[in-house]
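Student: Could you walk me through reading a fold and a pocket?

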Amino acid sequence: MLLHPQFDPVAISLGPLAIRWYGLMYLLAFLQFIALGRLRIRQKLAPVSAEQLDDLLFYGVLGVVLGGRLGQVLFYEPGYYLSNPFEILAVWKGGMSFHGGFLGVLLAMTLWAKKNRLRWLTVTDFIAPLVPLGLAAGRVGNFINGELWGRLADPALPWAMVFPQSGSLEPRHPSQLYHVGLEGLTLFAILWLWTAKPRPTGAASGVFLIGYGSFRFITEFFREPDHGIFGQSYTVSMGQWLSLPMILAGVTLLVLAYRRKSL
């Protein structure tokens, strides 16, 4: 069995200022978004200019942070935050819901698309392949913090890992790394290669929703379930319930995209 390295969550300390790894992973996610977006602009596969990309990122950051935090509060820990309302502002301690952040980004992209007189699906198609590596960076931050550990694993599993933060010394799946591999690297490869050629409007967004929803549904089988508003369930977790609508919406978008093309 492996022991989680127990990284110091603080990467750099400058007097009273502490820069945490979790925050640096978010910074890395935003930087790679800009880098990949500018590469797509140079490849003439983008509906935006470099200046618009910077503004798009600003809207996206607001959507991720506000939506992600509110999603954590509403979907997973409403009781705790109702009792400790000031903790809602303590984003540096972690606690960000992907599904909440996803809804926040959708709203932000709606506002940005309207401002720039672009079709909403044109914008979401553009950002779809730019997102997965950012998701991977966030999961690396979870692993560094030793949070969101996996379910109990067979001790014979070569990569079974003990997470002392879990309150036990039993071996578990390092599920954060499963998220990195599937929702991050694999989904990025699929979307980046698939969108290298022009696709019908809405198709890339559909593939992202199907891919993320499916991969998240799979990884949830290895992750210790969150309590969520429906309680803790090892059969269908809160993360899986929230992923099902994404898969359904993705299939719908993909079918409609190609049906419109054939008309």
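Tutor: Let's take the overall chain, then a pocket. This is a predicted model, where local features need pLDDT of at least 70, side-chain atom pairs count only at pLDDT 80 or more, and totals for chains, interfaces and linings use all residues. Residues are numbered from 1 along each chain as its sequence is written, and side-chain values use heavy atoms, with hydrogens and water left out.

Student: How many helices and strands does the protein chain have?

Tutor: Helices (H or I, at least four residues) and strands (E, at least two) are DSSP runs, numbered from the N terminus. Here there are nine helices and five strands. The radius of gyration, taken over C-alpha atoms, is set against a globule rule of 2.2 Å times the number of residues to the power 0.38. For this chain it is 19 Å, close to the 18 Å the rule gives for 263 residues, so the chain is as compact as a globular protein of that length.

Student: And what lines the second largest pocket?

Tutor: On a 1 Å grid over the protein atoms alone, a pocket is an open set of points where a 1.4 Å probe fits, with protein on both sides within 12 Å along at least five of seven lines; lining residues have an atom within 4 Å of a point. This one is lined by 17 residues, with Leu45, Asp125, Phe126, Thr195 and Arg199 nearest its centre. H5 gives the most, three residues, while H5 (120-127) and H8 (203-219) each supply at least two.

Student: Which kinds of residue make up that lining?

Tutor: Ala, Val, Leu, Ile, Met, Phe, Trp, Tyr, Cys and Pro count as nonpolar, Asp, Glu, Lys and Arg as charged, and the others, Gly among them, as polar. The lining divides into nine nonpolar, three polar and five charged residues.
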